[in-house]
Amino acid sequence: MGTTLDVRVKRAGKVYRDGEILSGVVVITSKDTVQHQGISLTMEGSVNLQLSAKNVGVFEAFCNTAKPIQIINSTIEMVKPGKLPSGKTEIPFEFPLQMKGNKVLYETYHGVFVNIQYMLRCDMRRSLLAKDLTKTCEFIVHSLSQKGKLLPSPVDFTITPETLQNVKERASLPKFLIRGHLNSTNCVITQPLTGELVVESAEAAVKSIELQLVRVETCGCAEGYARDATEIQNIQIADGDVCRGLPIPIHMVFPRLFTCPTLETTNFKVEFEVNIVVLLHDDHLITENFPLKLCRM
Amino acid sequence: SYFLRHARARNYVSESEMCKLESIPLDFGDYHPLKPITVTESKTKKMTRKGSTSSTSSSSSSSMMDPLSSVLDGTDPLSLFAAAADPVTTAPSTDGARRKRDKDESSAVGSDFEPWSSKRGEILARYTTTEKLSINLYMGSEKGKATTTGSAVSEKVRTRLEELDDLEEGSQKELLNLTQQDYMNRIEELNQSLKDAWSSDQKVKALKIVIQCSKLLSDTTVIQFYPSKFVLITDILDTFGKLVYERILSMCVDNRVPLPDNFSPESVNDTAKETCLNWFFKIASIRELIPRFYVEAAILKCNKFLSKTGISECLPRLTSMIRGIGDPLVAVYARAYLCRVGMEVAPQLKESLNKNFFDFLLTFKQIHGDTVQNQLVVQCVEIPLYLTLYSPAIDWILQCIAYHAPDVLLTEMMERCKKLGNNALLLNSVMSAFRAEFIAARSMDFIAMIKECDESGFPKHLLFRSLGLNLALADPPENDRLQILNEAWKVITKLKNPQDYINCAEVWVEYTCRHFTKREVNTVLADVIKHMTPDRAFEDAYPQLQSIIQKVITYIYDFALLFSVEKFLPFLDMFQKESVRVEVCKCIMESFIKHQQESTKDPVILNALLHICKTMHDSVNALTLEDEKRMLATLINGFIKMVSFGRDFEQQLSFYVEARSMFCNLEPVLVQLIHSVNQLAMETRRVMKGNHSRKTAAFVRACVAFCFITIPSLSSIFTRLNLYLHSGQVALANQCLSQADAFFKAAVSLVPEVPKMISVDGKMRPSDAFLLEFLCNFFSTLLVVPDHPEQGVLFLVRGLLNVIQDYTWEDNSDDKVRIYTNVLHLLSAMTQETFIYHVDKVDSNDTLYGGDSKFLAEINKLSETVVSQILDHLKTLGKEETLKRQSQLAHYFFNTILAHGDLRNNRLNQLSVNLWNLAQKHGFADTKTMVKTLEYIKRRSKQPEMSHFTDLALRLPLQSRT
């Protein structure tokens with residue numbers, strides 16, 4: 001109880017990029033003087049891959065891929081063994097966030113099967129009698145802006161009963177015509193996904209129209225791979241029987257941490273897709289899928 | 001009784017001359033303390049102040065300047081300092097400041113904008129329901145659902161259990177069967193728990209509450225309650241918006257210096273920005289459209305922390321986001337909320353307001369679509385009712401648009417509405433939201449549009465009502481006025497439903513009264529009567545009918561004119577419920593008293609008002625409150641006082657007689673009538689200069705008779721006594737001696753009935769002070785009342801003394817003796833050769849008896865009796881506890897003898913010395929008073945013929961107090 005350890009990075013958003021210097025302070029508060037065997041600070045970055053339950057049996061063979069892939073790991077000794085005075089002690093630190101060689105600093109990403117995470121860990125080693133103290137603090141890495149201009153890739157779409165695949169009884173479908181466009185499927189991650197959608201006509205009343213953001217994570221190696229698509233978020237853009245012929249805006253903000261620029265490496269892939277889901281009153285569900293390419297500018 | 005009393009002979013004329021204050025000629029000079037201060041000095045100081053108001057006003061009003069404003073004129077050190085400092089600070093920045101002010105003006109909503117808060121109550125009052133409501137709150141994770149469903153517990157137990165873990169993480173709460181009041185309480189509870197969550201730093205929980213609340217807005221079951229629900233829930237959203245904004249603002253405090261009001265995003269620190277961003281990201285991920293919209297709109301203001309253009313980018317986006325809301329009613333209220341937030345945060349961004357309205361017009365056709373119609377069928381709601389649910393929202397949007405908008409824009413809006421087939425709903429909202437002047441100037445256009453417009457379920461009479469409301473506020477062009485009335489009334493008169501009709505007519509009456517003559521007003525009133533009479537429809541429309549009367553009497557307050565409106569009285573006949581009728585009568589009478597300047601004898605007015613007053617009077621019954629009676633009596637009295645037939649006194653009297661028979665239940669009115677009749681008698685006397693002819697004498701006797709028979713019907717004994725006395729005096733003044741005697745006899749015989757306690761203003765008080773005052777007054781009058789030839793000498797005085805003797809006085813009071821002492825004053829006055837005052841043309845006893853010795857002997861006999869009574873009483877006060885009273889009374893009696901007695905008489909002289917000693921005997925005398933009395937005697941002794949006072953003074957020792 002006596003001694004507490006805290007790690008604080010300087011930026012409020014905790015966001016850092018390759019080549020920048022990660023600075024902050026380690027704060028130690030204690031009523032009495034603190035005897036310690038040295039304080040060190042470790043910066044770690046790693047990719048954690050997890051195999052989904054359905055795939056685990058098939059790919060047990062390459063369990064090595066499930067081990068975390070280290071991206072960055074460096075430790076500095078902040079304070080030599082000794083004593084710290086009572087009260088609050090702040091020890092500033094600076095870490096250059098630099099990759100060696102050709103290695104890339106992946107962007108922070110929290111997914112289901114793929115997790116890319118960066119941590120600062122502060123350890124205070126103490127004598128046998130007292131427990132060692134550890135405090136971790138996550139910081140967020142944004143990849144550098146991609147060079148070159150992002151080419152917008154607008155997509156127009158039309159959805160009618162005829163355009164649908166996977167329909168069992170096409171005859172039982174109510175007639176409808178939905179048109180729209182996405183301004184671009186190449187998206188800047190900081191900008192929302194935009195577009196418009198018009199329900200030109202629909203025999204059945206519309207119940208809801210939603211945008212489903214999906215992550216597609218692929219883990220694998222030479223032996224094979226596992227590809228899983230899971231929902232990140234679902235944003236309703238229309239509620240109830242909307243006015244026919246009136247353009248409804250498509251607008252979705254990409255959530256932080258749960259999205260990152262589309263990533264493709266030898267061991268894993270993180271990709272994103274959006275589904276436009278139209279739910280009709282007789283519980284017909286119409287889905288139109290659009291792969292996205294996210295990048296950071 | 002061994003004592004003979006000698007009254008001092010008095011010469012009243014010389015005495016009064018002697019006692020008069022020295023008269024000093026009044027000097028009507030320049031000075032008077034109440035005169036306004038006039039400052040004539042010219043202003044030489046030149047102030048370099050910017051404020052032009054002070055300098056201009058002082059120069060123009062030099063004649064009427066008050067000292068305070070002259071102080072404010074820049075001579076005090078502070079303003080001098082300010083004046084000196086002004087040019088330095090403002091000169092370089094004047095330009096900037098003005099620009100800033102201009103900007104402020106456009107960015108702040110002025111006080112001429114009717115705020116939401118004033119609409120709030122109206123909506124809550126208007127859109128109510130008796131149906132059962134439900135709240136479905138679902139806080140967070142899926143686990144909650146599993147725990148509450150499936151179990152076999154009854155509904156009641158379930159809700160109770162849920163209340164226990166009220167709003168806990170993952171709880172679901174479904175409250176069914178709520179009455180409207182329950183619902184409102186629940187919402188208020190949620191508002192409170194939002195604040196609690198916030199203050200206990202549970203920001204996530206707070207957000208969840210807000211999301212759940214705004215979700216309720218997507219629920220349109222019990223649709224007639226929706227507008228009220230909107231009001232309640234947006235209150236919560238407003239609270240939330242404020243909390244978030246203030247929280248982030250508090251994070252911006254740098255070195256304890258808070259941000260200025262119009263800060264720029266650059267001055268916001270990173271932590272605050274990050275927090276703000278976090279909120280926006282959190283909100284952007286809300287799954288459902290409606291909560292996402294409302295919560296984001298609620299914290300729209302927070303965009304200021306992030307970027308300058310944030311709000312102007314957000315508003316259009318949110319505006320088009322509403323397009324996704326399928327239900328047109330939900331959508332239009334969402335628009336209203338956005339406009340409301342927009343007006344508050346960035347009123348200069350008018351584009352979005354317009355866009356909202358145009359988008360609404362685009363979706364207007366949905367109202368008649370299948371989805372809506374099916375819903376109405378399920379809920380059993382008629383289209384006209386459904387359409388009125390839109391009004392508050394559309395009114396608000398249009399009000400925001402119309403605020404300070406140029407006429408061009410309004411015209412464009414109108415055109416757009418017209419394109420939509422002159423929809424009645426829109427037209428109505430246009431009329432209630434746009435400036436009255438704008439509408440009034442185009443009244444004819446509007447009437448044309450109303451006529452043409454597609455009713456589509458929205459009742460047309462509401463349109464005419466709205467138009468009428470505008471015309472009550474602003475005047476249409478002179479030439480159109482009559483035509484407007486004709487066109488409007490043509491439609492109004494065709495309305496079949498009496499409620500619809502009266503709601504419309506009520507509004508238009510004001511317009512009619514404002515611009516037209518009694519002929520038109522009469523026509524309108526006649527029409528209202530015609531519509532409201534069948535099936536006694538007026539019974540359900542009293543408030544409206546009452547408001548019509550109010551409006552008529554506001555505009556026509558010349559009562560001669562008012563009552564010449566033929567249908568006015570028949571109109572009043574519609575108020576058949578007594579309470580309402582009395583209210584209306586009161587209004588009319590109040591207006592009469594307020595506006596009638598001169599007294600009147602116009603038979604039309606008199607008849608009508610008598611009728612009205614009679615109505616008020618007849619409403620009085622045993623249950624009527626005192627206040628109410630007083631109020632009614634005041635009104636009726638006000639009327640009676642305004643009636644005058646000039647020289648036709650007989651007519652006047654017969655009016656009073658009639659009034660008496662009409663208002664017999666209100667005593668204050670009877671009192672007023674007695675006073676009025678007395679006044680009439682005195683007026684007659686004045687006209688005849690005191691010499692009544694046979695005719696006027698008879699008339700005056702009639703007046704006296706009126707009073708005599710009216711007074712006994714009053715219940716308050718002192719009112720009766722005073723009126724007897726008063727009327728007796730009037731009778732005496734008019735030489736009606738026997739009548740005066742009758743009054744005085746009546747008064748005398750009434751005195752024994754005076755109770756010991758009387759009620760004054762609802763409290764019981766002892767009556768002695770009142771009685772004492774009355775008796776003194778009475779005795780004073782009796783001085784001049786001549787004796788009746790057939791009754792003995794001083795018949796009335798003796799009678800009154802007997803009554804006083806027999807009256808059961810309070811055991812330990814000296815009132816009786818005090819009165820006796822006062823009687824001595826009277827008796828001494830009676831012994832004078834010429835009485836101190838007389839009634840013109842009435843011979844008092846001094847003339848009648850001419851100082852006859854028999855008469856004087858009678859008086860002496862009386863006084864002897866009285867004095868002995870006093871002395872007896874003084875003796876009984878010899879006990880320990882009454883010594884103080886004895887002292888006081890003795891001193892009082894001493895003073896009387898000093899003033900009225902002839903102290904040259906030895907026995908009287910001795911008596912006074914004894915009294916003086918008695919007063920001082922037990923140390924209860926007030927030394928100061930005694931000293932002053934002695935000084936007075938010494939001073940008097942210097943006057944001629946008063947030398948015996950010197951001896952008296954020597955015989956009066958002053959007892960020093962031990």
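Guide: Helices (H or I, at least four residues) and strands (E, at least two) are DSSP runs, numbered from the N terminus. This is a predicted model, where local features need pLDDT of at least 70, side-chain atom pairs count only at pLDDT 80 or more, and totals for chains, interfaces and linings use all residues. Residues are numbered from 1 along each chain as its sequence is written, chains are lettered from A and ligands numbered from 1 in the order in which they are written, and side-chain values use heavy atoms, with hydrogens and water left out.

Visitor: Where does B:Asp201 lie?

Guide: B:Asp201 is in the loop between α9 (180–199) and α10 (203–215) of chain B. Its phi is positive, about 65°, although B:Asp201 is not a glycine.

Visitor: Is B:Asp201 buried or exposed?

Guide: Exposed, with a relative accessible area of 55%. The cut-offs: buried is under 20% relative accessible area, exposed is over 50%, partly exposed is in between (1.4 Å probe, protein chains only).

Visitor: And A:Asp283, what is its phi?

Guide: Phi of A:Asp283 is near 65°, a positive value in a residue other than glycine. A:Asp283 sits in the loop between β20 (268–280) and β21 (285–295) of chain A. At 55% relative accessibility, A:Asp283 counts as exposed.

Visitor: Zoom out. How many helices and strands in chain A?

Guide: Chain A has one helix and 21 strands. Chain B comes to 48 helices and four strands.

Visitor: How much of chain B is buried?

Guide: 49% of its 962 residues. In chain A, buried residues make up 49% of 297.

Visitor: What about surface?

Guide: Chain A exposes about 15000 Å², with carbon and sulfur atoms supplying 51%. For chain B the accessible surface is about 48300 Å², and 54% belongs to carbon and sulfur atoms. Areas come from the Shrake-Rupley method with a 1.4 Å probe; for residues, only the protein chains shown count as cover.

Visitor: New topic, aromatics. How many aromatic pairs over all chains?

Guide: The count is 43. Rings of Phe, Tyr and Trp (its six-membered ring) pair if their centres lie within 6.5 Å; planes under 30 degrees apart count as stacked, over 60 as edge-to-face and the rest as tilted. B:Phe538 and B:Tyr542 have ring centres 6.4 Å apart and planes at 40°, so that pair is tilted. Both B:Phe538 and B:Tyr542 are buried.

Visitor: Which residues form one aromatic cluster?

Guide: B:Phe559, B:Phe563, B:Phe568, B:Phe592, B:Phe639, B:Phe645, B:Phe655 and B:Tyr656.

Visitor: On to packing. Which residues touch the most other members in the largest nonpolar core?

Guide: B:Phe357, B:Trp508, B:Val528, B:Leu545, B:Phe568 and B:Phe639, out of 308 residues. Domain 1 (514–644) and domain 2 (645–750) of chain B both give residues to this core, so the core lies between them. A nonpolar core is a set of buried Ala, Val, Leu, Ile, Met, Phe, Trp, Tyr and Cys residues joined through side-chain atoms within 4.5 Å. Domain bounds come from an automatic or database domain assignment.

Visitor: What is B:Phe568 in contact with?

Guide: Leaving aside neighbours within four places in sequence, B:Phe568 contacts B:Leu525, B:Ile549, B:Val552, B:Ile553, B:Leu562, B:Phe563 and B:Ile588. Contact means heavy atoms within 4.5 Å.

Visitor: Now a lysine. Where is B:Lys586, and is it buried or exposed?

Guide: B:Lys586 is in helix α32 (residues 578–595) of chain B. At 8% relative accessibility, B:Lys586 counts as buried. Beyond four places in sequence, its contacts are B:Met616, B:Glu628, B:Met631, B:Leu632 and B:Leu635.
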